[in-house]
Amino acid sequence: MEPQKEARTPGDLVSRRSGPSRFQTPNDEERQEGDTAPAEASLGAEADGACADALWQLPVEPAERRPECSRCSRPQKVCLCPFLPLHPLHISTHLYIIQHPAEENKVLRTVPLLAACLPQDKCKVKIGRRFSEERDPELSTVCRKSDTLILYPGAEAANLEEFILDSPIYPSTIIIIDGTWSQAKDIFYKNSLFRLPKQVQLKTSISSQYVIRTQPTNRCLSTLECAAAALSILEKNNYIQETLLRPLQALCSFQLQHGAQIRLSKEHLLKNGLYPKPMPKNKRKLRKMELLMDSVKI
């Protein structure tokens, strides 16, 4: 009589196949666990990829800029219009500001404050690095006029106050370059148009009131300060300078009250042994620093 075979259910088959064998060695168990690790890693990577895809599909909202005042171009919460003249100053001189593109979006720029104080037809801002007769016929015409001046310091520049006393033609237009000193130098020397007008400079011993930005020397002035001094000389009216400086003083005062620090000039730092940076290794920059140090010694 044949021995009866043990009855097996489907559940027994599953449990026997899936469960560990009683003859399994520890190495076998480790091998099985190792086989499952890549599968789990691939599942995790797929999940991360799915999450990343979902993030990419989310709508992106553009960052909202703080609403600006239409007159002074400052954020409305820190508007400087109370320090501007009620009406644009009455002047006869035409002012052209040649602004380097890098200055256009700076938060603490002074040109918008200057333009807000003057009539629109007397103050024009030209933004760019290169200018020519083809690109800007209006500016080309202005530069060729005999009564146009350009304010840029140098060995060939005449003192503005002395020049207007001796000039047979009284100036009606003045051009000022807005940018850092290296940017202004690049614009002046790489645009032949700007060497057509008579070159003048300011002979002044006053220090800049724009104390929240570092200047090379104590005698370096911001664009607004240069325009204020030049217009007051050309218009023979000191009230113009006082009025134009008022919003700049308010700007600096507000920034200092909210965490900004007074920026001393490089000249002052070198003179008092406070310059925090090592001397530059670049030969051109080193030469500039040496010239600055020589001027401090004088």
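**Close-up views of a predicted chain**

View 1. Val-211 sits in the loop that joins strand 6 (198-201) to helix 7, where helices (H or I, at least four residues) and strands (E, at least two) are DSSP runs numbered from the N terminus. The model is predicted, so that local features need pLDDT of at least 70 and side-chain atom pairs count only at pLDDT 80 or more, while totals for chains, interfaces and linings use all residues. Residues are numbered from 1 along each chain as its sequence is written, and side-chain values use heavy atoms, with hydrogens and water left out. With a relative accessible area of 24%, Val-211 is partly exposed; buried means under 20% relative accessible area, exposed over 50%, and partly exposed in between (1.4 Å probe, protein chains only). Apart from neighbours within four places in sequence, Val-211 is in contact with Cys-252, Leu-256, Gln-261, Ile-262 and Arg-263, contact meaning heavy atoms within 4.5 Å. Although Val-211 and Ile-262 are 51 residues apart along the chain, their C-alpha atoms are separated by 5.3 Å.

**View 2. Helix 7 and the elements packed around its buried residues.** Because 12 of the 12 residues of helix 7 are buried, this helix is largely enclosed by the rest of the structure; among them are Thr-223, Glu-225, Cys-226, Ser-232 and Leu-234. These buried residues pack against strand 1 (94-99), helix 3, strand 3 (148-151), helix 5 (160-166), strand 5 (173-178) and helix 8. The end C-alpha atoms of helix 7 are 16 Å apart, which agrees with the 16 Å that its 12 residues should span at 1.5 Å a residue, the expected span being 1.5 Å times one less than the number of residues.

**View 3. Lys-236, after helix 7.** Helix 7 is followed by Lys-236, which lies in the loop between helix 7 and helix 8. The phi of Lys-236 is near 55°, a positive value in a residue other than glycine. Most residues other than glycine have a negative phi. At 67% relative accessibility, Lys-236 counts as exposed.

**View 4. Helix 8 and its bend.** Helix 8 (residues 238-257) has 20 residues and reaches 29 Å from its first C-alpha to its last, close to the expected 28 Å. At Arg-246 the helix bends by about 30°, and a proline, Pro-247, follows within four residues; the bend at a residue is the angle between axes fitted to the seven residues ending there and the seven starting there. The buried residues of helix 8 include Ile-240, Leu-244, Pro-247, Leu-251 and Cys-252, and the buried residues of this helix pack against helix 3 (111-117) and helix 7 (223-234).

View 5. The structure holds one cavity of 30 Å³ or more, a cavity being a set of points on a 1 Å grid over the protein atoms alone where a 1.4 Å probe fits but cannot get out, with lining residues having an atom within 4 Å of a point. The largest cavity has a volume of about 30 Å³, a volume being the space filled by probe spheres set on the points, which are joined across faces, edges and corners. Its lining consists of Cys-72, Ser-73, Arg-74, Val-107, Arg-109, Pro-112 and Leu-113. Ser-73 belongs to the loop between helix 2 (26-57) and strand 1, has a positive phi near 65°, and counts as partly exposed at 25% relative accessibility.

Notes: 1 Å grid on protein atoms, 1.4 Å probe; cavity = no way out; pocket = protein on both sides within 12 Å on 5 of 7 lines; lining within 4 Å.
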